[in-house]
Amino acid sequence: MTEENRKILERINSYSEQVLGDIDPQKTPVSMQLEKLKPIMQEIADEKGMKLEDLFILYMDLQTEASVKSQQKLKDSLSDVNVGGGMPLLFR
């Protein structure tokens with residue numbers, strides 16, 4: 001992830017915490033969540049000279065990349081728990 005993309009992701013996520021902080025993402029339709037994020041995404045798209053749709057795709061890609069890295073860090077940090085003869089800790 002480039003530094004510029006990291007800043008975009010941080011900016012959107014920071015805004016998301018402000019406007020979506022009290023909702024349950026499992027119970028709130030994605031369309032509603034995206035509608036709440038539209039102002040910051042439009043602002044960034046305008047600054048970067050991008051279409052809103054292209055920024056949305058970039059955001060989804062960056063979120064996925066960040067999630068994969070986060071899961072890998074967790075998996076790596078738990079790898080030493082499975083050392084020994086006990087029952088293994090399974091990670092999905």
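Me: How many helices and strands are there in the protein chain?
Reply: The chain has 3 helices and 0 strands. Keep in mind that this is a predicted model.

Me: Ok, and what pattern does the chain follow along the sequence?
Reply: Reading along the sequence, you get α-α-α.

Me: Which residues do α1 and α2 cover, and at what angle do they cross?
Reply: Helix α1 takes in residues 3–20 and helix α2 residues 30–48. Their axes come within 10 Å and cross at roughly 145 degrees.

Me: Is that crossing left-handed or right-handed?
Reply: The crossing of α1 and α2 is right-handed.

Me: Which residues make the contact?
Reply: On the α1 side they include Ile8, Ile12, Tyr15 and Val19. On the α2 side, Leu37, Ile40, Met41 and Ile44 are among them. By class, the contact of α1 with α2 has 10 nonpolar, 2 polar and 6 charged residues.

Me: Switching topic: where is Tyr59?
Reply: You'll find Tyr59 in helix α3, which spans residues 52–78.

Me: Is Tyr59 buried or exposed?
Reply: Tyr59 is buried, because its relative accessible area is 8% and buried means under 20%.

Me: What does Tyr59 touch, not counting residues up to four places away in sequence?
Reply: Tyr59 touches Leu9, Ile12, Asn13, Leu37 and Met41. With Asn13 there's a polar contact between the two side chains, at 3.4 Å. As for Met41, that residue is 18 residues from Tyr59 along the chain, and their C-alpha atoms are separated by 8.8 Å.

Me: Now the loop between α1 and α2. Is Thr28 there buried or exposed?
Reply: Thr28 does lie in that loop, and Thr28 is buried, with a relative accessible area of 12%.

Me: What lies 2.9 Å from a polar atom of the Thr28 side chain?
Reply: That's the backbone oxygen of Asp24. Leaving aside neighbours within four places in sequence, Thr28 is also in contact with Ile23 and Gln33.

Me: Zooming out, how much of the chain counts as buried?
Reply: Of the 92 residues, 18% count as buried. The accessible surface of the chain comes to about 7000 Å², and 54% of that belongs to carbon and sulfur atoms.

Me: Last one: what share of the contacts with a separation of 6 or more comes from residues 24 or more positions apart?
Reply: Those residues account for 47% of such contacts in the protein chain.

Note on methods: Residues are numbered from 1 along each chain as its sequence is written. This is a predicted model: local features need pLDDT of at least 70, side-chain atom pairs count only at pLDDT 80 or more; totals for chains, interfaces and linings use all residues. Side-chain values use heavy atoms; hydrogens and water are left out. Axes are lines fitted to C-alpha atoms, for helices over the stretch in contact, and angles run from 0 to 180 degrees between N-to-C directions. Helices (H or I, at least four residues) and strands (E, at least two) are DSSP runs, numbered from the N terminus. A crossing is left-handed if the near helix is turned anticlockwise from the far one by less than a right angle, and right-handed if clockwise. Contact means heavy atoms within 4.5 Å. Ala, Val, Leu, Ile, Met, Phe, Trp, Tyr, Cys and Pro count as nonpolar, Asp, Glu, Lys and Arg as charged, and the others, Gly among them, as polar. Buried means under 20% relative accessible area, exposed over 50%, partly exposed in between (1.4 Å probe, protein chains only). A polar contact is a pair of N or O atoms within 3.5 Å; within protein, one must be able to donate a hydrogen and the other to accept it, and residues adjacent in sequence count only if both atoms are side-chain atoms. Accessible areas come from the Shrake-Rupley method with a 1.4 Å probe; for residues, only the protein chains shown count as cover.
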